[in-house]
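Here is a short tour for anyone opening this structure for the first time. Keep the view beside you and take the points one at a time.

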Amino acid sequence: MNDTETQGNPLRDPRDRRLPLIAGPCSMVMFGVTGDLARKKLLPAIYDLTNRGLLPPSFGLVGFGRRDWSDEDFAQYVHDSVEAHARTPFSEAVFEQLRGGLRFVTGEFDDAAAFEELTRVVGELDRTRGTGGNHAFYLSIPPGAFPQVCEQLANSGLNTSRDGSWRRVVIEKPFGHDLESARELNDVVEKVFRPEDVFRIDHYLGKETVQNILALRFANQMFEPIWNANYVDHVQITMAEDIGIGSRAGFYDGIGTARDVVQNHLLQLLALTAMEEPVSFEASDLRAEKEKVLAAVTLPEELGAHTARGQYVGGLQGGEHVRGYLEEDGIPADSQTETFAAIRLDIATRRWAGVPFYLRAGKRLGRRVTEIAVILKRAPFLPFRSTDAADLGQNAIVIRVQPDEGVTMRFGSKVPGTQMEVRDVTMDFAYGSSFTEESPEAYERLILDMLLGDPPLFPRQREVELSWKILDPITAFWAEQLPPTPYRSGTWGPDTAHEMLARDGRAWRRP
Amino acid sequence: MITTLTDTTASAIDKKMTQMRETFGANTIGRVLTLLIVATGEDIDAPLEAAVRASHEHPSRVIVVDADRDAEVSGLDAEIRVGRDAGAGEIIILRARGEVMANLDTLIMPLLLPDAPIVTWWPENAPSSPVHDVLGSMSQRRITDALACGEPTATLKRLRRGYSSGDSDLAWARLTNWRGLVATAYEVPPATTPDRVVVTGRAEDPSVVLLASWLELSLGTEVRVEAPSTDAPGVQGIVLHRAEGTVSLRRENDDSIVLTLPGDQAGQHVAMPERSLYELLAEELRRLDPDEVYGDVLSHAYSVVRNLSTYAKDKPAPTDAISADADAVAADAAAHVAARLREAIDARGVAHLVLTGGTVGVKTALALPDALAAAGVDTGALHLWWGDERFVEAGHPDRNDAAVQPAIEALGLPAHRVHRMPATSDGMSLDESAAWYGQQLDLAGGDAPFRTRGQAFFDVILLGMGPDGHIASLFPEHPAQQDVSANVIPVRESPKPPAERISLTWPVVNSARHVALLVAGAEKAAAVARGHGEIDPTGTPASAVRGLESTTWFLDEAAAAELPPTT
């Protein structure tokens, strides 16, 4: 599962579960180091890993960018970013450990000389810092720049490892914007790196709660027996943000919610919710089950009736004036990009036949929440007078992914008093009220797993392609026949979304 | 918020908590475990702060047992903290005074979370054997901190003796970062087994002991411990000597260590500040299954005491005091005991006497009130204990304490200074009874000698001897007498009825300043002779008990008949 050198180490007893898995000697070369993601998430995550003692002392971090920075300038930039955004307390002593391995290489992506310099710097780290020829390339850059960077890496030989060392490349979503582009992108990357050395980061999969879906389903006896079409009426997967597109206009317009989050996050959540039990939690076994369920997804015949698309308009949201999508900076006034997407998917397996999975995601919705709600069928017979159970809804098991991570169950209970009256109540498990602040950031987990070469949490190309296969017909239909419907900021999306469920005799849950 | 209850009971506290939950809805989120913190007199702020911080990762109900054993008046106060004052958990602080401490398990029973695992943590005074402790025996995990105890390495040895699956020690958790780093450093090619390993640190630091043991056990290479040049605590360095070069880790200051790999002169600096109590506790709570590696490492660190004669060795040789008959023996012994107790009280202000049963034992006890009065012993400073007891109902004629009841009454001792072993009528099983008595002994300080040979808790221990040579309920060739993992053990299938008994163990009977063996009658002459021979705990238990300062055989002439003539 991990690097070969960790096996056969007499100091690593499999029973010794205290012993932290510390990444071996290595360096990380980061492209796009001045970007928002690097500044707010990646650099702080690297610091936090160092602080937790999980990065090797020999760790090196090379920034590659246009700025004319010295190593010291870069160190100062990392220092500021870490101080402002790290999760764990800032300590100069910890930072000193990192500082010795910080390097900066100035250059454009098409500048061969800069890549020669990069090769030199990486080699210097191998010698002076003992990074052992192990290097990860983190492409925190627009996909458009991938071909250039990959080509340069290949030309300078940085992509090939020698005698037992490794080279890995990390790419962030979006993995293309449709099946074709995803394949092109992959071709570009896999021409230069071996498929098993490509790590696609979907930070959602690094979240504790997402991993807890597996624990909830497969470590318990009480859920799996009802986790099928006999008992489940339908499943709602929601990923709502209360903010607008912010400064992502350049990326967002023309992409839209479906490609931005449904293709990756929501379909991954669907796969984890719906998949069969894997033979083991090894990456390949887990992937096999996810791929199977994604391959079994079917689209509604009438896409117009079973999908919805929206775009937020300006107004008052939660006591604050907000701009509509079309008024955001850098968005054309006639943009047809959706900021809300809802789709119904079915899964053609014995377990899920007839159970619709409703996926919705959007910006400027009622509140920030991501959750999976498994809504059960009504009890087949109620030995009560109809008025007694008038307030009784359907039982539900809700996995709250963020914020306030945990699990909620909803069921009926008798209202205290003389009358027999049944009403819905909820039972709540929170991952500790402050668990989120103590639990590692998803990026920490994923960066460490990548450096350790531990792949279960990273989607592979086939999953990416299967997801696009699901989404492509929908986005194609939308582009031709379904312009986004406006919706007020701070609501749960356009009326079309509500009508879409009403047609099935159901209603969206208010998360 | 904090609510205080004075002069309360456990069920009143439970009721109050339910009421608070209904009123404020403050503590309704899922708790994963109950954490018991056993504090006997020390400062509870630091452990409590650690528990509050750890509750963010492990939402728990924290019950602090803060005992004041010396209080004359018995009683219980409680403090309930929820919400802001309790992190993500809820805290109950029980301030128990005097006798309330006697049944700690029933004190906390109504306050335990249903079904949830129990973890018991002794921030300072580790019990002599965690699993034999009344609270420890109901816990999945038992956390001690040898470093915070009076004699760290002695405590660790004792924990080794009393180890049971589910124990762990913070001295082990303090090593996690070091271990992680050295495991990673080991993987630097060529990753071969080192020829020689050196750990730098003070040999009396429990973490140093455990680290050396772990390396030796995992690598199969001998590990040498070298004293550091400074008197800094904790592990200061690890060096792996390999043919291809050395890998060295050295602490350079409080915050960081330097890692030097072969061919790398400068060394790399790794931040590794000392871990806070909170981090240690949070790590301990992360897994509730037994830490088997710790068990292996602890076992490897100290060889188990297989030779039970160890406890008696190297102490002054016994002497004989021979009188005409049993009555004279008792009078002589009583005078001797009175004198020793007087010395103890003059020196330490308190005296601990262990009583026994049997003909001469009872006679001696009955002679004590007069003897103590004659010697001017302040009975207000006297504690009575028993070396063994028959596990039958209270007041039964078979019981050792029943036979000496007139003496106890004559001495006028209050109940809390008469430490009787439990009876069947006390409602505890035999095992629970032994555990309970062991805990009483621990709480009184009786575990101190159990930690280190050469320390005394009891001033005088009176022991009878059977014709088979047994003392207390340690019978020849009986399997129970081999158990030295606790200070008090249950004994089943005793060769002499009644079959069920409770007895002190070898380390404890050997932790008195003065031992007085009381024997009369010709039928015991042979055993007396054997008892004077080689130390042989298994064959002749009486030969294997020695006082730190003196061991005296009080014999009548018949019992002394087979002794070789003295020169």
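Predicted model: local features only at pLDDT ≥ 70, side-chain atom pairs only at ≥ 80, totals over all residues.

1. In chain B, six strands form an open sheet with parallel pairing, in the order E15-E23-E22-E19-E16-E17. Strand E15 (319-323) and strand E17 (382-386) of chain B each have a single partner strand and stand at the edges, so one side of each has no neighbour in the sheet. From one strand to the next, the twist averages 20°.

2. Strand E16 of chain B, residues 351-355, runs parallel to E17(B), and five bridges join the two. Which residue of E17(B) is the bridge partner of Leu353(B)? The partner is Leu384(B).

3. An antiparallel example can be found elsewhere in chain B. Strand E20 (residues 488-491) and strand E21 (residues 501-504) of chain B pair in the antiparallel sense over four bridges. Within this pair, Pro490(B) has Ile502(B) of E21(B) as its bridge partner. Both faces of E20(B) are covered: Val488(B) and Pro490(B) are buried on one side, and Ile489(B) and Val491(B) are buried on the other.

4. Now step back to the domains of chain B. The chain is divided into domain 1 (2-173), domain 2 (176-271) and domain 3 (318-556). Between domain 1 and domain 2 of chain B, the C-alpha centres lie 36 Å apart. Nine residues from domain 1 of chain B and seven residues from domain 2 of chain B take part in the contact. On the domain 1 side, helix H4 (152-161) and helix H5 (170-173) of chain B each supply at least two residues. By class, that side of domain 1 of chain B has seven nonpolar residues, one polar and one charged.

5. Chain A deserves a look as a whole. Its secondary structure comes to 15 helices and 18 strands. The radius of gyration of chain A is 24 Å, close to the 24 Å that the globule rule gives for 511 residues, so chain A is as compact as a globular protein of that length. The C-alpha trace of chain A spans about 80 × 60 × 40 Å along its principal axes. Of the 511 residues in chain A, 44% are buried. Among contacts in chain A between residues at least 6 apart in sequence, 78% join residues at least 24 apart.

6. Chain A has its own division, into domain 1 (4-172) and domain 2 (205-502). The C-alpha centres of these two domains of chain A are 34 Å apart. Their contact draws 15 residues from domain 1 of chain A and nine residues from domain 2 of chain A. On the domain 1 side, H1 and strand E5 (167-172) of chain A are the elements that give two or more residues. H1(A) gives the most to that side, with six residues. The residues on that side of domain 1 of chain A divide into 11 nonpolar, no polar and four charged.

7. How do the two chains meet? The side of chain A that touches chain B has 13 nonpolar, 14 polar and 11 charged residues. In total, the contact takes 38 residues from chain A and 35 residues from chain B. Helix H1 (36-51), helix H3 (92-99), strand E17 (422-430) and helix H12 (435-438) of chain A each give two or more residues to the side touching chain B. The largest share of that side, four residues, comes from H3(A).

8. Finally, pick out one residue. His269(B) lies in strand E14 of chain B, residues 268-271. Is His269(B) buried or exposed? His269(B) counts as buried, because it has 21 C-beta neighbours inside 10 Å. Leaving aside neighbours within four places in sequence, His269(B) is in contact with Pro57(A), Glu96(A), Gln97(A) and Gly100(A), as well as Ser256(B) and Val258(B). Asp401(B) is 132 residues from His269(B) in sequence and 65 Å away in space, C-alpha to C-alpha.

Key. Residues numbered from 1 in each chain as written. Chains lettered and ligands numbered in written order. Pairing = 2+ DSSP bridges. Axes fitted to C-alpha atoms, helices over the stretch in contact; angles between N-to-C directions. Rg over C-alpha atoms; globule rule 2.2 N^0.38 Å. Buried ≥ 20, exposed ≤ 12 C-beta atoms within 10 Å, placed from the backbone. Contact = placed C-beta atoms within 7 Å. Nonpolar A, V, L, I, M, F, W, Y, C, P; charged D, E, K, R; others polar. Domains from an automatic or database assignment.
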